[in-house]
Amino acid sequence: MTTDSDGRRTPIEDGTTDQPDIAAMLRGQTSACEAARAAIADGGEVMLYHGRPPQWMVLGITSTRLKRSLKTGLVTHGLDETVEILRTRHPDEQLRLGSIVAPDRSWFFTVYFDATGTELLACSGVKNERPSRADGQKLQL
């Protein structure tokens, strides 16, 4: 601990971070992982969130995102695979999430970890574009 100018004790930053090397962890869990790794290599923004929501909540949000994306025609990558992977997890299990935004902001990726943030479970991407008013996107297999 150190003391600031007002006499308050503050923690010393030790230079370590609890953010894992996300790019190194993106190794084919879903079809979006390679594109997410490329976005990081190109200088994309990476954020690991500190909250740990339960699996049932993450699955519900991710499933809804998939349904709405298909209905509105948004282009997705690995979102359907991610829903299937999340379904295999225990409902009470806590997960940790992160995001990757491509440098040109054309893609937004979500990365899904176990509660410790040490095992990457899945990644998915949604293209940042106006959805077509025509038919919704077909599931990518």
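Arg105 is partly exposed, with a relative accessible area of 44%, where buried denotes under 20% relative accessible area, exposed over 50% and partly exposed the range in between (1.4 Å probe, protein chains only). Although Arg105 is not a glycine, its phi is positive, at about 60°. Arg105 is placed in the loop between β5 and β6; helices (H or I, at least four residues) and strands (E, at least two) are DSSP runs, numbered from the N terminus. The model is predicted, and local features need pLDDT of at least 70, side-chain atom pairs count only at pLDDT 80 or more, and totals for chains, interfaces and linings use all residues. Residues are numbered from 1 along each chain as its sequence is written, and side-chain values use heavy atoms, with hydrogens and water left out.

Four helices and seven strands make up the secondary structure of the protein chain, and their order along the sequence is β-β-α-α-β-α-β-α-β-β-β. The protein chain has 141 residues, of which 38% count as buried. For contacts (heavy atoms within 4.5 Å) between residues at least 6 apart in sequence, 65% join residues at least 24 apart.

In soluble globular proteins, nonpolar side chains tend to be buried together. A nonpolar core is defined here as a set of buried Ala, Val, Leu, Ile, Met, Phe, Trp, Tyr and Cys residues joined through side-chain atoms within 4.5 Å. The largest nonpolar core comprises 18 residues, and those touching the most other members are Leu26, Ile100, Phe109, Val111 and Phe113. At least two residues of this core come from each of α1 (22–25), α2 (33–41), β6 (107–114) and β7 (120–127). A second, separate core has 13 residues, including Leu59, Val83, Tyr112 and Leu121. When residues up to four places away in sequence are not counted, Ile100 touches Ile22, Leu26, Ala36, Ala39, Ile40, Glu45, Val46, Trp107, Phe108, Phe109 and Val111.

One aromatic pair is present in the structure. The ring centres of Trp107 and Phe109 are 5.8 Å apart and their planes lie at 15°, so the pair is stacked; the criterion for rings of Phe, Tyr and Trp (its six-membered ring) is that centres lie within 6.5 Å, with planes under 30 degrees apart counted as stacked, over 60 as edge-to-face and the rest as tilted. Trp107 and Phe109 are both buried.

Strand β5 (residues 95–101) contains Leu97, and Gly98 is also placed in strand β5. With its neighbours within four places in sequence left aside, Leu97 is in contact with Leu48, Tyr49, Pro53, Val58, Val111 and Tyr112. Leu97 and Val58, 39 residues apart in sequence, have a C-alpha to C-alpha distance of 9.0 Å. Gly98 counts as buried at 0% relative accessibility. Under the exclusion of neighbours within four places in sequence, the contacts of Gly98 are Met47, Leu48, Tyr49, Phe109, Thr110 and Val111. The C-alpha atoms of Gly98 and Val111 are separated by 5.0 Å, while the two residues are 13 residues apart along the chain.

Two packed helices are described by the angle between their axes and the distance between the axes. The axes of α3 (residues 55–72) and α4 (residues 79–87) come within 9 Å and cross at roughly 155°; axes are lines fitted to C-alpha atoms, for helices over the stretch in contact, and angles run from 0 to 180 degrees between N-to-C directions. Helices α3 and α4 are therefore roughly antiparallel to each other, the term applied to angles over 145 degrees. From α3, Gln55, Val58, Leu59, Thr62, Ser63, Arg65, Leu66 and Ser69 meet Leu79, Asp80, Thr82, Val83, Leu86 and Arg87 of α4. Trp56 also lies in helix α3 and counts as exposed, at 52% relative accessibility. Trp56 and Leu86 are 30 residues apart in sequence and 8.6 Å apart in space, C-alpha to C-alpha.

Definitions and conventions: Parallel < 35°, antiparallel > 145°, perpendicular 65-115°, else oblique.
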